[in-house]
Structures are given as C-alpha cells and as structure tokens.
Amino acid sequence: MKDIIQAQYCDEMQKAYLDYSMSVITDRAVPDIRDGLKPVQRRTIYAMYKLGLDASHPHRKSARIVGDTMGKYHPHGDSSIYDALVVMQQDFKKNVALVDGHGNFGSVEGDGAAAMRYTEARLHEFTMDIYLADIDKDVVDFRPNFDETEQEPVVLPARLPMALINGAEGIAVGMSTSIPPHNLGEITDAMITMLDRPNIRREKLHEIVTGPDFPMPCEVINRADLAAIYESGNGRLSVRGMMEDGRKNGRKAIIITALPPTMLGQGIGRFLDELVSLSDKRLTTDIADISNETDENGIRIVVEVRRGGDVEQLKRLIQSKTRFTDTVSVSMLVIREGKACIMGLREMLQEHLQFFNTVERRKATHLLEQARDREEVLEGLIRAVDIIDLIIEILRGSRSIEMAKNCLINGMTDGIAFKSEASERAARELFFTQRQAQAILAMRLSKLIGLEIFALKDEYQEVLAAIHEYETLLSDEKAMKRHLKTLLRGYKKKYDHPRMTVLSDTQIEKYTVQKKEVQLGIEIDENDYIRASTTVGERLALGSFDKLALITSTGRQMLIKAEDIPVKKGSAKGVPLETLCDYDRTVERILHVAALADVASQSLLFVTAAGLGKRVDGSAFQTTVYNTQATRLRKDDELVAVLPVTDADHVVVRTAKQAYFRTTAEEISTLGKVTLGPKLLRLDADDRVAEVLVTDKLRESELQFQHTTVMLSRFRPQKVGARPVKYQLD
C-alpha cells in the first residue's frame, strides 16, 4: 500500500480550482504589461510574422492563419483565435488596428465577421514597427511551444505601452480587466517626459495624458475623477454620446453622431429601442420618425421632430431617459512578472519604459557582438589583401583546405610547398583567427579589385563607428535616453492621430418629464388581452398616472402602470396580460380589476370555493409592490369571487349543486389579508361555491346567474355559517 497517497478531497479541489483560475488569469484573459497582449493575440501575431504576412506581402486566408496559430502555438480551438484576429482588425474597437483585413470583419453595428474561409489578413505596418521590429536580434526571450516542436516569444518587443494605447477587456476567474484606450501622441509625450523626469508629479503627468481616448467619438463628462482613477487604477467613467441639430424631410432633426463605447455593436439596436420607447411610453409626442444611417463612416442616428416640437426638450429627454450617457468601468489589471496586479497610470508607464530600455539594450548588445565579429573578419580580409601573394602561395601549395586553414591560424607549414624559404618563414608568422581564416578561404578573387579593397576599408570604418555607437548606448545612460526619445518621436510623427474623445466636467441634469394626465378607458377581453383607449365610455376609467390593480383566483394582487398599457384605436386588439405583469392564465383567473387609487375607498368581499368568506378594507391593498399576496388561502382552495361591497349590500351565493345562500354584507366579518376567514356558509363535502352575486336593493332586484335570472326576494335571508337552501326556480 506504499503507492497510495492520502489526500483531503477539499484540498485537492481547492488546488485544482486555484490552478485553473491562475491559468485563466495569466494565460488567457489578462494582458501582459510589456506588450499589452493576451497570449492568443501574441501567438496569432507571431504566427502571421512567421508566415511572412507583413505589410509588403499579399493577404492570406484567415483559415490558414488560424490553422498555423492553433497547430504551432495555441491549441485552444479555432473560434477563440479567429475572434482575436477579428478584434485586432476592427479599428472601431482598437485605437490602432494591428491586422489589415480583406473581407467582412464585422461592423460597428454588431454584425459578425464572415467565416474564416472567406476573409484574408496580413499584419499592419504599425504592428511590424512596434511589435516585431528586431525580434530576431535577441531582444526578448523565447520558450518551447506546447509540444516543444517550435519556439515562441514569451512576450513581443513592443516599443509602446499598447495596454494603454489600445486598452484591454477581459474576464478572468474572480477578477476582470477593463483598461480604456488612450491617445498615442499623449502616451509617447508622457514617456519622453518621464525619460527626463522619472519622478514627475502625478498631476503634471495628467496634464500630458489628459484622459482616455476611445476609437469612436464620445465625451467623458467626469474629467475631475480622472486623477483618482489614474492614481488607483480603478474607477468609473461617465461617457456621453454626441448630437447636433439638423434637418430631414423638411423637418427639424436631432442627429446623433456618437454613442458611449458600451452602446456600440449590439447596443446600437438597444439604443434605437430606447428611442422608440420614449413615444410608446408617452414620454413625448415630438418624435416623428427615427432612422439609423450608421455605416463604416461612423454613427448617424436621425430623430425627426414633429412640426412645433420642442427640440431642446427632446434632447434633454434623450439624454435623461436613454443610455445616451453610460458608465464605463475601469480596472487597470495587467500581468507583471507573472502575477496579476492593478497599476496606476504612472506605474504602467514606468514599467513599460523599463521594458523598452531593456529591449533596446538587448538589441544594442546583440548588434555590438555582430559588429565585433564583423570587425574581426574585416581586419583579417584587409590584412590578407595586403599579403595576397603569400595567401595564394599557401593555397596552391596545400594539399587540402584543412592544411591551408591550419597554416593561416597556427602557422603550421608542414607539407605545404612554398616557392621560397622566405615565404615559409612569413607563413609561420600569420596567426589569423578562426573566423578570419574562414573568411579568407571564402573570399572571391573579385575582392582583389582596387575598388573592392577600398570598399572593405570603408566598411571597416563604418563597423568601427557602429561599435562605438553601441558601446556608447550601453555605457552612457544619457545616450540611451536620447536614443529612446528619438524612437518615440518617430513613432509619434508616423502614427499619431487627433483625439476622438472630448473631456469635460458636465453635470448630468435630472430631467423630469412633464406629462399631462389623461383619462383612459381600460378593457380586458375574455382571452385576457388588455388595451387602453382615450375614449372612456362604459369602460373602466383610469388616469394615465394611476396603476391598475388585479386580483386573481390564486389570491395574488398585481399592479400595472397605466402608461404601460398600449393605447389602441378602433377594434385593434390589445396585448396579453402576461406581457405587462406576472399573470399566468393557465393556472389562475382575473376576479377583480380596479384603479389602485379607487381600491382604498372600497371594502372587498373575498369568497373561496370551500365557502370561506371575509371582507378586507381597501387600504390594505395600497402598495408599491407589483406582485404581492392579496389574501391567504388553504392549499386545496381558490378564490371564486372578489367583489366591492357596502354594509347595505346583499350577498347571494350559488353552489355547484344548485343550492343558494343569502346574507347581508354587514353580517360578514372584516379581517386582514393574512387571515383565512371564517365559514361564510356550510357546504356538503362534495359541494363547492360556484358563483357569488352582490346587490344593493332589497326588493325588485334581478340577479343574473350563469344559467338563470332570479329575483332577490325569492331567497330568504340567513345567518353567516348557515347551510345553503335548494329552491324550486321554475
């Protein structure tokens, strides 16, 4: 039993969950601070680089790109890889698109991309300059891929802090990242400033990086909160769209030219629904028409205003009652040294400057080594040209390349046929290096031409200058800073673009819609369809500010806002009650309908199928809860009737076995909602209450039962709790 390892189940589950969560955080959902990329993005870009898909080469099928990425670097499914490829192409989601695509890669209105077999892609010039330049010069570490058949970069050598410039979105386990994008020019200016002033005060840094800059136009209206957000790395941005006055079809119009980033994609459709609901909910009558003219050039939603409509009031209504203004959460969560952490603006810039400096130092070191190797070779070639006759004599007198090489490196002349002893003595003093000897043996005779000799000497001087430059960069911190600033200024000049996001401190006005109350006539048909009409007539009258109260056979009370009930003209059908409240016609029936304002003045009679009865004061039903219990019922019982009564009313009950019970409402106890109520009448075990009628006249009153019409005087009065009586009603 030595091979059995005992372990607690909870410990193993905890360890497995922690391993899974850390894998999601570090290897899927959160970008690395150094290149601002998630693993799937980094691997897709590198796979495209290895395929030779730079900006100077033709596009290649996306399916090929996805296949190479999945087969070599990212074995997690093709859909996640293609989704990452699509997002990197969408310039309405990224400040700088990293991929240049051909075909349908989706739209700002939320249309999905075409299948990967139909689209083509290649890398943008920006991606080659910022991410992949000099990746072959040992500027970053490489590691084996998942099956150790390929090498992949641990991180791409990004020259700019792309986590800030393009932003990032990701949901991990127990945490999420939401980094807003920023303006490339402002970020490069901040980096240049921090190279000279690494301890720059935060408020001065915020004067350079003024705030987020989203790819599509919008307005951040809480600029005063940005300092705290950039300090902590957490916060919330209030972002508003943009609108302007215009005309369409001869009418005044409000043209919406921008929306918050949260409303792009599928959110545009939801925003249009919100605009339509302003009229449906009778918040305004000024909207004549709404049209969506959004295309690849940007957002354009036109709201036509009725003649005589108040344009400014309608603008305030749109800003107040739709998501024209929305909130964007900020959580600047990144991976730093293998761990997830939230960083402020200055910390992110400092971290990337350190990485940028490391990349350029590794590049300078690599190039210095290459230059020194070339210096060694050139020195050997120039020296060999000066003694070319001796070199030729050695080569002609040697029986093998190895013999000649040994002579050039070690001065070994044994076995070599020289023309003179002087030549042999000179050959013993050569002592070229291994690299020089190899270059001499590979040298072509054309190098002996005069101009070629001068070219060797010129190249030698250039190499010496390059060595001096690289040594200076590596030894002089000021020289390295000048070099970094030169690079940053070049990137800004080449790739900067104007800000798209306006920053302001604007108070959000709370807009109260001034609605005029109107009287509505409410109808509910036999199929439980409800409609409102501006003609009251015989219908239930309800003010447009009021609520409709419904009590069902299951003892529930539901409320409906009058403004939510659709107004229909003529014989137009209403809408099912289920669409306005939590009503289920398969298990319950509507027993009482009234304006909530009227219920308070009523006394409601509740009678159940089992013969229980009580009165409840209407004030008990005044509530703001839209779904509540109106009375307590036994498990196997249900309400048969809910009727308004007064003390002067008479109540007549018909049972299923055609027995009748009559009493006065004054005799029935008034109780609370939570009580069951006493026996109103005593029923046989196989009998149930079928129908309840109320009348306020003692004589000459006709009672319209389901199957017959009977005068009230035919029934004798009884005490509460008596048995019903069978009558001969011929």
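Predicted model: local features only at pLDDT ≥ 70, side-chain atom pairs only at ≥ 80, totals over all residues.
On one side of helix H10, Asp273 and Asp280 are exposed.

Helix H10 covers residues 267–280, and its 14 residues, at 1.5 Å a residue, should span 20 Å. Which residues of H10 are buried? They are Gly267, Ile268, Phe271, Leu272, Leu275 and Leu278. Seen down the axis of H10, these buried residues fall within an arc of 150 degrees, so they line one face of the helix.

What do the buried residues of H10 pack against? Their partners are strand S11 (251–258), strand S12 (287–292), strand S13 (301–305) and helix H11 (311–321). Just after H10, Arg282 takes a positive phi of about 60 degrees.

The aromatic side chains form a second topic. The structure holds ten aromatic pairs. One of them joins Tyr46 and Tyr73 in an edge-to-face arrangement, with 5.6 Å from centre to centre and 70 degrees between the planes. Tyr46 belongs to helix H2 (residues 39–50), whereas Tyr73 lies in the loop between helix H3 (62–72) and helix H4 (78–89); the pair therefore ties together parts that are 27 residues apart in sequence. Both Tyr46 and Tyr73 are buried.

Tyr46 also forms an edge-to-face pair with Phe142, at 5.9 Å centre to centre and with 65 degrees between the planes. Because Tyr46 lies in helix H2 and Phe142 in strand S4 (residues 142–144), this pair ties together parts that are 96 residues apart in sequence. Are the two partners buried or exposed? Tyr46 has a relative accessible area of 6% and counts as buried, because the limit for buried is under 20%. Phe142, with a relative accessible area of 32%, is partly exposed. Tyr46, Tyr73 and Phe142, together with Tyr49, form one aromatic cluster.

Arg383 lies over the face of Phe432, at 4.2 Å from the ring centre. In another such arrangement, the charged end of Lys573 sits over the ring of Tyr529, 4.0 Å from its centre.

Definitions and conventions: Residues numbered from 1 in each chain as written. Heavy atoms only, no water. Phe/Tyr/Trp six-rings, centres within 6.5 Å; stacked < 30°, edge-to-face > 60°. Helix = DSSP H or I, 4+ residues; strand = E, 2+ residues; numbered from the N terminus. Buried < 20%, exposed > 50% of the residue type's maximum accessible area, 1.4 Å probe, protein only. Lys NZ or Arg CZ within 6 Å of the ring centre and 35° of its normal. Expected span 1.5 Å × (residues − 1). Arc of directions from axis to C-beta. Contact = heavy atoms within 4.5 Å.
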